[in-house]
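Q: I would like to learn how to read helix packing and cores in a model. Can we work through one together?

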Amino acid sequence: MKYIVILADGMADYPVDELGGKTPMQVAHKPNMDALAAMSEVGLSYNVPANLSPGSDVANLSAMGYNPQSCYTGRSPLEAVSMGIDIKPTDMIFRCNVVTITEAEANYEDKIILDHSADEISTEEARELILAVNKAFGNETFSFYPGVSYRHALVWDKGPDEFDLTPPHDILEKRIGDYLPKGENGSVLCEMMKKSYEILNNHPINLERAKRGLKKANTIWIWGEGRKPALEKFETLHGINGSVISAVDLIKGIGICAGLESIDVEGATGNIHTNFDGKAKACLDALRSGSDYVFVHMEAPDECGHRHEVENKVKSIEIIDEKVVGFLMENLEKEGIDYRMMILPDHPTPLCLRTHTRDAVPYLIYDSTSKKNSGLTTFTEETAKFSGIVVEEGYKLMDRFIIK
């Protein structure tokens, strides 16, 4: 038996006015997911515990079968592992976004955050900006490391605990002064953020972006602190080996820490322009070559939610249905491979809020050898309530998925 998880990050939503009071999952043309729902276990899963922030880190740990209450040490260390950063137990690791803030206001505190991704800046452009920041602030204590697109890392050697930091995607269109790092420890980070604006706003990379009508990545935003993680190996927990496929360092890092093989796909970007075909083919190749379990993560619906791109969120779900779910179903059936497939979001990213929530997410579990009759014709947030199945602790969903 082979196991495939299709994780459509942030796919779940609330009813949207622009869609006639329906959610993107309800509007999207997704014949493959809908067909599977008719033959699957369908229910709801709470992937984010009430006492933890509804980030992709916590939610994806749950979706991969790990209890975040006992193993979560912060988002950034997981990303740092994927980036190949040699982190020590005494290091404090942070996510460092390059973001877009307004320019008109004289005081940094009065500026407004416009885009947490700076128009999904290219990795090459962002690398130059982070290297400039590291040249200004890097020393034996602080080191900045370039990552993918707007996502980067800061390592504070022997850094302290206890920070009050805010994810930038939670405060879009808001005055940043109300959300800057606070306290004695936070003041050091806050000062670097303020000075980074002076370095980045008129950096040649940003001046060129402005000429092309793109948003400037004109300040760093530091958040997501944590220390080196220690996850039990996935094979030890579940008795099967596996792989993870994702464009983003966070998911790769979780996979690496779990002892899964991280498979890189050329053209994987973490947005709607990612190489969906390549991810699907890489999944199939991994299953053919010995992986029992493949976790395929796609960030596109989440990014569309953050950016309030209604049409693109619908489109991203349709692409995942056609190019990933449909492709895998067709080829696995053609090759006679017995498989179980689970499809779910990690958390909702409602278009109206432009950030994550901890609401329960819909899931389906399909078994090619034991098809059910669910009575459903579609896979949506609403139809997932039909069965009455609710997994209160999301990490336990893996026990329903993997046959032991």
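**Reading helices and cores**

A: This model is predicted. Start with α11: its buried residues pack against β1 (2–8), β8 (242–245), β9 (261–263), β10 (293–298), α12 (300–306) and α13.

Q: Which residues of α11 are buried?

A: Buried here means under 20% relative accessible area. In α11 that covers Phe 276, Gly 278, Lys 279, Ala 280, Ala 282, Cys 283, Leu 284, Ala 286 and Leu 287.

Q: What span does helix α11 reach from its first C-alpha to its last?

A: Helix α11 runs over residues 276–288, 13 residues in total. Its span is 19 Å, close to the 18 Å expected at 1.5 Å a residue. Gly 290 follows α11, with a positive phi near 125°.

Q: How do I describe two packed helices?

A: Use the angle between their axes and the distance between the axes. Take helix α6 (residues 123–137) and helix α8 (residues 204–211): their axes come within 9 Å and cross at roughly 145°. From α6, Glu 125, Glu 128 and Leu 129 meet Ile 205, Asn 206 and Arg 209 of α8. By class, this contact has two nonpolar, one polar and three charged residues.

Q: Which residues have the most contacts inside the largest nonpolar core?

A: They are Ile 4, Ile 6, Ile 320, Val 325, Leu 328, Ile 343 and Phe 379, in a core of 50 residues. Helix α13 (residues 310–334) gives the largest share, 10 residues. Another core, of 38 residues, lies apart from it; Val 99, Met 193, Leu 200 and Ile 220 are among its members.

Q: What is Ile 320 in contact with, leaving aside neighbours within four places in sequence?

A: Ile 320 is in contact with Ile 6, Ala 8, Met 33, Phe 276, Met 298, Pro 301 and Val 325.

Notes:
Residues are numbered from 1 along each chain as its sequence is written. This is a predicted model: local features need pLDDT of at least 70, side-chain atom pairs count only at pLDDT 80 or more; totals for chains, interfaces and linings use all residues. Side-chain values use heavy atoms; hydrogens and water are left out. Axes are lines fitted to C-alpha atoms, for helices over the stretch in contact, and angles run from 0 to 180 degrees between N-to-C directions. Helices (H or I, at least four residues) and strands (E, at least two) are DSSP runs, numbered from the N terminus. Contact means heavy atoms within 4.5 Å. Ala, Val, Leu, Ile, Met, Phe, Trp, Tyr, Cys and Pro count as nonpolar, Asp, Glu, Lys and Arg as charged, and the others, Gly among them, as polar. A nonpolar core is a set of buried Ala, Val, Leu, Ile, Met, Phe, Trp, Tyr and Cys residues joined through side-chain atoms within 4.5 Å. Buried means under 20% relative accessible area, exposed over 50%, partly exposed in between (1.4 Å probe, protein chains only). The expected span of a helix is 1.5 Å times one less than its number of residues.
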